Amino acid sequence: MLQLILNGLVTGLLLALPSLALTTVFGILKFPNFAVGATLTFGAYAAWVANHLLGMPLFVASVVASLAVAAVTILCDKLIFERLRDAGSITLLVASLGLSLVLENICRFLFGNSTRNFDVEIARPIRWHGLRLNHEQITTAVTVLLFVIIVQILLHASPLGRAMRATADNPSLAAVRGIERNTISYITWALSGVLLTISGVLAGMDRAIDPLLGWSYQIPVFAAAILGGLGSPLGAGVGALVIGLAEELSTLVLPTNDRQIVSFAVILLLLLVRTQGLFGARTVRK
């Protein structure tokens, strides 16, 4: 049981950064980004190219890949989402779904369907009071906590964060005060690209990289963001931990391959009981 709880916490940490990326885009740009999983996969392959083909250490490869994917997400916003920004959230959602298919098939075309692994040293797991803890799990925990703290400081203790929150609350009023909406959008997408690339690297360390890597995280990520409350960064982290624990503990009664049923169940229950999630604010319609 303790090993399952530990594995659940690590699974939740793996979901935390993509959930944070999803909820940040939703909170500021007001639409659910269905390209989260594909961008995670794209980031993992970008880091693999820098690490395996260019011979960079994984840390350096992650930084290079994060910058590259951030640039790609800004370009996608410039070419696609900026043109559709006033068309409504449904149109933007469909556009993000199309972008997801494009990114996924680019990865499939360039790298095929075979699995890839990062070029890192193999280390024995740590044994402590009967618990098995991998070095990758420690790296995941430290990295996720560091990025969550950085994002919280950025959003709540910096002028840029205040500008982003002002744009999220009222884009027109923010524009009157001199906050450029397109600039905030570019920064939001860049932040999302960095978070998803780091998530892809951590997921690639936890398992092999393949074109469907991000898809296996897509439903749990949405479940975590919805559980915490779309638009709430704190809720995204809490929701990710809850979903990770629930999925791992569900293997006591469900086959391992069926544990994503838990994510679907969470989404269904929230839609029926508390649509705004644990930390989300109820929308007031006039």
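Mentor: Start with the neighbours of Thr197. Leaving out residues up to four places away in sequence, Thr197 touches Gly43, Ser62, Ala65, Ser66 and Val69. Contact here means heavy atoms within 4.5 Å. Thr197 sits in helix α8, residues 181-206. Helices are DSSP runs of H or I with at least four residues, numbered from the N terminus. Thr197 counts as buried because its relative accessibility is 0%. The cut-offs are simple: buried is under 20% relative accessible area, exposed is over 50%, and partly exposed lies in between, with a 1.4 Å probe and protein chains only.

A word on the ground rules. This is a predicted model, in which local features need pLDDT of at least 70 and side-chain atom pairs count only at pLDDT 80 or more, while totals for chains, interfaces and linings use all residues. Residues are numbered from 1 along each chain as its sequence is written, and side-chain values use heavy atoms, with hydrogens and water left out.

Stay on α8. Met205 lies in this helix too. Met205 counts as partly exposed because its relative accessibility is 21%. Beyond four places in sequence, Met205 touches Leu58, Phe118, Glu136 and Thr139. Met205 and His135 are 70 residues apart in sequence, yet 9.8 Å apart in space, C-alpha to C-alpha.

The buried residues of α6 (residues 159-169) are Gly161, Ala163, Met164, Thr167 and Ala168. These line one face of α6, because they fall within an arc of 160° seen down the axis. The arc is that of the directions from the helix axis to the C-beta atoms. Pro159 and Asp169 are exposed on the face turned away. What covers the buried residues of α6 includes α1, α5, α7 (171-176) and α8.

Two of those covers, α1 and α5, deserve a look as a pair. The axes of α1 (residues 2-29) and α5 (residues 135-156) come within 10 Å and cross at roughly 35°. Axes are lines fitted to C-alpha atoms, for helices over the stretch in contact, and angles run from 0 to 180 degrees between N-to-C directions. The crossing of α1 and α5 is left-handed. That term means the near helix is turned anticlockwise from the far one by less than a right angle. From α1 come Asn7, Val10, Leu13, Leu14, Ala16, Leu17 and Leu20; they meet Gln137, Thr140, Ala141, Val144, Phe147, Val148 and Val151 of α5. By class, this contact has 11 nonpolar, 3 polar and no charged residues. Ala, Val, Leu, Ile, Met, Phe, Trp, Tyr, Cys and Pro count as nonpolar; Asp, Glu, Lys and Arg as charged; the others, Gly among them, as polar.

Ile138 is also in α5. Ile138 counts as partly exposed because its relative accessibility is 33%. Apart from neighbours within four places in sequence, Ile138 is in contact with Ile126 and Leu133. Leu212 is 74 residues from Ile138 in sequence and 25 Å from it in space, C-alpha to C-alpha.

Now back to α1. Leu20 and Gly235 are 215 residues apart in sequence and 8.7 Å apart in space, C-alpha to C-alpha. Gly235 is in helix α10. At 0% relative accessibility, Gly235 is buried. Lys30 lies in the loop between α1 and α2 (36-53). Lys30 is not a glycine, yet its phi is positive, about 65°. Most residues other than glycine have a negative phi. Lys30 is partly exposed, with a relative accessible area of 44%.

Finish with α11, residues 261-273. Helix α11 has 13 residues and reaches 18 Å from its first C-alpha to its last, close to the 18 Å expected at 1.5 Å a residue. That expected span is 1.5 Å times one less than the number of residues. Buried in α11 are Val262, Ser263, Val266, Ile267 and Leu270. They sit on the same side of α11 because they cover an arc of only 140° around the axis. Leu268, Leu269, Leu271 and Leu272 are exposed on the other side. What covers the buried residues of α11 includes α9 (215-228) and α10 (233-250).

Key. Helices (H or I, at least four residues) and strands (E, at least two) are DSSP runs, numbered from the N terminus.
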